[in-house]
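Hi! Here are my notes for you to read alongside the model. Keep the 3D view open and look up each residue as we get to it.

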Amino acid sequence: VYAKQLVRETSIFDEGFASYVIKVILLDNGFDSHTRPIEILQAVFDFVRSRIKYISDVRGIESINDARQTLSNGYGDCDDHAILIASMLSVLGFVPKFALAKSYILGRDKDGKQTANKPSDFNHIFVSVEIANGIVYIDTTLENAVLGSVADSIFQMSSVEIWNKDESAYVSGIGSFFKKLGKGILKVATPFVGFIPVVGGL
């Protein structure tokens, strides 16, 4: 619930974050109305993958950061990666969801043989988003991650909506504004904050 709240608050109210995302993903890549959604997803994946190092939380201590803090830190665990990606996608007009997963906990027994224990609770989180071609999973924490891949150790997943149905229609509309206006965009009217300026940054 807290992760959902962070995504919603950042993508709606943090104008500096929105401006930064539009710049580094849309403008810097020269994307326009002809850009395919999968290309934008790939750009977000590449950006987070290259900028945010995966570091797990200290055992027994769970910290959850908003997107701006994770960008500032330059590192984060799966929660932080997922919140950052979902926030960026929301700003760009996608309707992301969280994917909660149960993943085998790999280890070694006393004889050195590999073990794979099933956790009772969800122990991993990443992002999913639906486009015309289907559902795309985005997990930037895997060692050899590629867009659309999930860990082989996952044996159960559950989807968590960030935006309700009415909000989803609005959020997806934002993306169509960006695509149509392209580099000429100066501001986008929204019922939440009045406008999201493109100039500036974090």
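1. First, the ground rules. This is a predicted model, in which local features need pLDDT of at least 70 and side-chain atom pairs count only at pLDDT 80 or more, while totals for chains, interfaces and linings use all residues. Residues are numbered from 1 along each chain as its sequence is written, and side-chain values use heavy atoms, with hydrogens and water left out.

2. Now the overview. The protein chain has six helices and ten strands; helices (H or I, at least four residues) and strands (E, at least two) are DSSP runs, numbered from the N terminus. Of its 202 residues, 45% count as buried. Buried means under 20% relative accessible area, exposed means over 50%, and partly exposed lies in between (1.4 Å probe, protein chains only).

3. Looking at contacts (heavy atoms within 4.5 Å) with a separation of 6 or more, 62% are between residues 24 or more positions apart.

4. Next, find the open sheet of four strands, with the order 7-6-3-8 and antiparallel pairing. Strand 7 (134–138) and strand 8 are the edge strands, each pairing on one side only. From one strand to the next, the twist averages 35 degrees. Two strands pair if DSSP finds at least two bridges between them.

5. Why is strand 3 described as largely enclosed by the rest of the structure? Five of the seven residues of strand 3 (residues 97–103) are buried, so that is how it comes out. Strand 3 runs antiparallel to strand 8 (residues 154–161), with seven bridges joining them. One place to look is serine 103, which stands opposite isoleucine 154 in strand 8.

6. Strand 3 also runs antiparallel to strand 6 (residues 124–131), joined by five bridges. You can trace the pairing residue by residue: lysine 97 stands opposite serine 128, phenylalanine 98 faces valine 127, and leucine 100 has isoleucine 125 as its bridge partner.

7. Is strand 6 mostly covered or mostly open? Mostly covered: seven of its eight residues are buried. Strand 6 and strand 7 pair in the antiparallel sense over five bridges, and they form a hairpin with two residues between them. Isoleucine 131 stands opposite glycine 134 in strand 7.

8. Which strands does helix 5 lie across? Helix 5 lies across strand 3, strand 6 and strand 7, running at about 20 degrees to strand 6. Helix 5 (residues 78–91) also packs with helix 1 (residues 2–13) at an angle of about 40 degrees, their axes 9 Å apart. Axes are lines fitted to C-alpha atoms, for helices over the stretch in contact, and angles run from 0 to 180 degrees between N-to-C directions.

9. Zoom in on that helix pair. Ala3, Leu6, Val7, Thr10 and Ser11 in helix 1 meet Ile83, Ala86, Ser87, Ser90 and Val91 in helix 5. By class, this contact has six nonpolar, four polar and no charged residues. Ala, Val, Leu, Ile, Met, Phe, Trp, Tyr, Cys and Pro count as nonpolar, Asp, Glu, Lys and Arg as charged, and the others, Gly among them, as polar.

10. Valine 44 sits in helix 3 (residues 37–51) and is buried, with a relative accessible area of 0%. Not counting residues up to four places away in sequence, valine 44 touches Ile25, Ile85, Met88, Leu89 and Leu92. The C-alpha atoms of valine 44 and alanine 86 are separated by 9.9 Å, although these residues are 42 residues apart along the chain.

11. Last, asparagine 65, in the loop between strand 1 (53–54) and helix 4 (67–73). Why does asparagine 65 count as buried? Because its relative accessibility is 19%, and the cut-off for buried is under 20%. Leaving aside neighbours within four places in sequence, asparagine 65 is in contact with Leu6, Thr70, Asn73, Asp80 and Ile83.
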